[in-house]
Structures are given as structure tokens and as C-alpha cells.
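My notes follow in the order I took them.

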Amino acid sequence: MRYLYKTATVLFLLFLISCSEEKIGDSEFGTVTGKVVNNETFAPMENVKIVSSPTTSTVFTAADGKFTLPNIKVGEYSFQAQKDGFVAKFEAVSVTANNASEIVFELSKSTANNKPPTVPVLITPTDNSTGLAAALELTWTVTDPDNDALTYTVMLRSDKSNATVVYKDIKDKKLALTDLIYGTKYYWQVTANDGINTPVLSNVSAFITVVFPSTRYLFVKNISGNNVIFTADDSGKQYQITDSDKNSWRPRRNIQAQKIAFIRTSGSQNDIYTMNFDGTEVKKVTNSMAIAGFKSDYIGFSWNASGSELIYPNFDKLYKIKSDGSGLTKIFKTPNGKFISECDWSADGSKIALKVNDINGYSVEIYVINPSGTVLMPVLGGINGGAGSLNFSVSGQKLLYTRDISGFESTNYRQLDSKIYEYNFILGNSYEIITEKIAGTNDLDARYSPNEAEIIITNTSNDGISVKNIVKTGIGITNSRAVLFTGSSMPDWE
């Protein structure tokens, strides 16, 4: 009996020892979840095979790219995502008891057998096409054997410049161009890139834009808070010639120089610039001495007849400058400190008309000086209210101007009844030359027509906020008013 008891005891202890050697947690399990996405688009990928090492079960991703592996024994694993055409991806995972471990696979396309895109074929404009608009769309076709996402680069060069403009990272097979130069030959080429192979370059194609049309009118429109200069032909067709994101106004054409001068905001000041009739070759004229005075919208400047020089005000001083920006000279200073707001230079170069006013725009005087700065004669003075719009006739024997006959004065320089007058230097007096005007409106920015038989003006309600229209009217002819351009102001007609 004692022997049997000892034997049983030994067997029991051996059983306990055997049981104690089993590792805690060998019977515990966890879950592995995850998602597979494309590393370029981050779109979910379906039917991706998920396997592990050590081996568990094998699953495939659903349409949303997700997968679940339940009842995975706790431990350290390496999971792999596999799909034809993509590089297999490995991720290490620690599976813990009663927990879900999450994996995200980002698969990239395999480049081992990837083929480059085809050579881009340029579609529009057709090669060597002519007479095209200054705003057009380039289009091309290309395919990719592996359906890779393609990006494009367009290179554009004109025959007027050696510089090449490059448009990068284009996603569509088209490119809109809005700032082409009239009468210019362009060359263009497209590169297609699949992000894997060497980019593929197209042939070169060429096209020629239409020659800029002959236009007579200049005017300004307000676009998103900026003054923008337009030109128009006799049929009324309009062409924008300054950028919408720049504040440009008061255009003045000079036929001899074949240039348009205008004012543009430049940093904290306003300066005079010149450009070609089509808006190209913009050049800054003023620098150290800006154009400045009372209310920038009412400031004016003038060419000389040949287009070699300009005169402009800077508060109480009048300056002359060459059109290339050189030769800045002060030619006049008001004797009473009043601001010079407008000036006009006669075609024969002998007379300069000035409109001066106080800091509020009133106490207006209009008088004439010679180019040396000597005052020759008064034209207007001792009145209340606003005035302006100086413009000499071709002969220099008459001077056009406007004035508010109501005599009203306010802090916001509102005018109530601005009419058009002409001063005759031979007779030595002024008289109203346009008697027809809608009540409650102002005639402003008056200019002679090229043949001086008509006047072009800005007409607008005297409320100061209504739409402005450019109107043409005959001198001494009743019922001849005609609206040329709506929503426009500051006309010039050469």
C-alpha cells in the first residue's frame, strides 16, 4: 500500500509539472482588419489577396478595399497584399488577445512591364492655321497602354520672342489660352508623362493669330473693382487691352507715336504707362515723380502732337517727361498752391490748358499757359461747383470743358448738373454747345470727335452710383444723342 501511495503521488506531481509548462495565452486569439488603396489615387482596391506569415487564412478585399481575418492566434505576423500589376506590400502586425489590429496597404503599380504613352497628336489649331483669335484652346490626343494617369506639359513660343512659356501639370488634353498677341506666329508642343517612363514629346505645330483690328474708340469699364481699358471699332466690337487684375484708366491715344498712354496703380502710387494699340509692350513712363492730385479718377494728362513727350500734374506742379521716361522737367507751379487736376496740350504746342482746384475739388480755375510756364489767359474762374474735361480743338482756337452749373458742393464731390461748354479764343468767351441732356444726369469726360463735328461724353445719373454710358452727340444738332457703350466711361476718340 505504501508503495502504491508513493507511486500515485509521483504521477500526480508529474502531471502538475507537465501542465505548468504550457505557456499562458497559447489558447488566446485576436482579429486583423485592414484596407488596401491605390497609392496614387487613394481609391479602394478590390480583389487584393491578403496572406500572412506564419500562415493563417487567406482572404480577398471587398469592393470598398477592406478585409477581415478573425480568430488569429496571438503573436507576431507579417501580412502581404498581392494583386497582378502591382508591387506586393508587406506590413508587420502584433496580434493581441481579444483585440483588433488594423493595417492599411498602399499599393503602387508595377513598372516592370509598363509601357509609355503614345506620342501626343496635336489636334487644334491645325498646323499652320492662320487668322486665329487671340483667345483659343489647344487640344491633343494620346493614349496609354496601361491606362496610367497622365499629366501634360505644353510649351509655347512666339516668333517675336526666344522665350518659351511652359504650362505644367495639365490633367486634361486641352489648354485654354487667353493672352495671345495679335498678328503673331506661335509654335507649340506637348509632352505626355505617365510618371513611370520617360516623358513622350509630340511634334511641333504652328498657328498665326489674327492681325489686331483697326479701332477708333478707347474707354474704361469697371471689372471686379478695377478699371480696365477697352478699345472698339466703328461697328462697336470691343476688345479688352489691359488685364482685369490691374487698375488702369484714362487712356489717351497718339496716332503719331502709335501708342496709348494711360494711368495705372503701381504699388502705393499712380503712374503713367504706354502700350501698343493692341495692349502689348506695356512700359512705365513715370517713376520718381508720380501723377497725383485731387481724386485719381479726375486726374488727366496729355501728349504732345508728335507723341514724344507727355505733361502731367503732381499736386500743385506740372511736369513734362519724354515718352521713354527720361527728361523729367518741372514747367509750372500754381501761384496759390491749388492742385492741378487736368491739362491739355494744343496740337501746335503753343498752349497748355490747366484746370486747378482746392483740396476738395472746388474753387476751380481754368487758364492757359505756354510751355515755358507763363500764364497767357484765364478761361474760367470765380464759380462754385465742379468742372473739367479739358480738350483743345485741332486748331487750338477752341477749348472744350464741362462744368456743374448748379454750383453744388459736397464732401464727396457730387455734381448735379454738369454741362458741356466751349471757350473760343478768338471771341474770348464761353458758351454752352450741347443743350440736350436728360434732367438729373451729368455730361462728363467730354472730347471732340476726330472731325470736331461731334462730341463723345460720359453720361450718368447725378446720384453718383448709377451706370455710366458713353454717348455720342452732334454739335448744334438736336436729337442726335446715341449711346455707344454701356457701363463705360473715360472715352477717347482719335
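This is a predicted model: local features need pLDDT of at least 70, side-chain atom pairs count only at pLDDT 80 or more; totals for chains, interfaces and linings use all residues.

**Entry 1**

I checked Lys-338 and found it buried, with a relative accessible area of 16% (buried is under 20%, exposed over 50%, partly exposed in between, with a 1.4 Å probe and protein chains only). Lys-338 sits in the loop between β27 and β28 (339-345) and Glu-365 in strand β30 (residues 365-369), so the bridge ties together parts 27 residues apart in sequence. Strand labels here are DSSP runs of E with at least two residues, helices being H or I runs of at least four, all numbered from the N terminus.

Numbering runs from 1 along each chain as its sequence is written, and side-chain values use heavy atoms, with hydrogens and water left out.

**Entry 1: other salt bridges**

How many salt bridges does the structure hold? I get 15. One of them joins Asp-316 to Lys-333, with the closest N and O atoms 3.1 Å apart. Asp-316 is in the loop between β25 (309-314) and β26 (317-322), and Lys-333 is in strand β27 (residues 329-333), so this pair links parts 17 residues apart in sequence. Asp-316 is buried at 13%, and Lys-333 is partly exposed at 41%.

Next I looked at Asp-492 and Arg-447, whose side chains form a salt bridge at 3.3 Å, N to O. Asp-492 belongs to strand β40 (residues 489-493) and Arg-447 to strand β36 (residues 441-448), so the pair ties together parts 45 residues apart in sequence. Buried or exposed, I wondered, for Asp-492? Asp-492 counts as buried at 0% relative accessibility, and Arg-447 counts as buried at 8%. I also noted a network: salt bridges with shared partners join Asp-243, Asp-245 and Lys-246.

**Entry 2: the sheet with β36**

I followed Arg-447 back to its strand, β36. Four strands make an open sheet in the order β36-β37-β38-β39, with antiparallel pairing (two strands pair if DSSP finds at least two bridges between them). β36 and β39 (482-486) are the edge strands, each pairing on one side only. From one strand to the next the twist averages 30° (axes are lines fitted to C-alpha atoms, for helices over the stretch in contact, and angles run from 0 to 180 degrees between N-to-C directions).

Inside this sheet, β37 (residues 454-461) and β38 (residues 468-474) run antiparallel and share seven bridges. I picked out Thr-460, whose bridge partner in β38 is Lys-468.

Strands β17 (residues 217-223) and β18 (residues 226-232) are joined antiparallel by seven bridges. Leu-218 has Thr-231 as its bridge partner in β18.

Glu-365 took me to β30. β30 pairs antiparallel with strand β31 (residues 375-380) over four bridges, and Ile-366 stands opposite Leu-380 in β31. Five residues lie between the strands of this hairpin, and Gly-373 takes a positive phi near 95°.

**Entry 3: the largest pocket**

What volume did I get for the largest pocket? It holds about 590 Å³ of space. My pocket rule, on a 1 Å grid over the protein atoms alone, is an open set of points where a 1.4 Å probe fits, with protein on both sides within 12 Å along at least five of seven lines; lining residues have an atom within 4 Å of a point. The volume is the space filled by probe spheres set on the points, which are joined across faces, edges and corners.

The pocket is lined by 25 residues, and the closest to its centre are Arg-253, Ala-347, Asn-391, Arg-447 and Glu-494. β20 (248-254), β24 (302-303), β28, β32 (387-392) and β36 each give two or more residues. The largest share, three residues, comes from β20.

Technical notes
A salt bridge is a side-chain nitrogen of Lys or Arg within 4 Å of a carboxyl oxygen of Asp or Glu.
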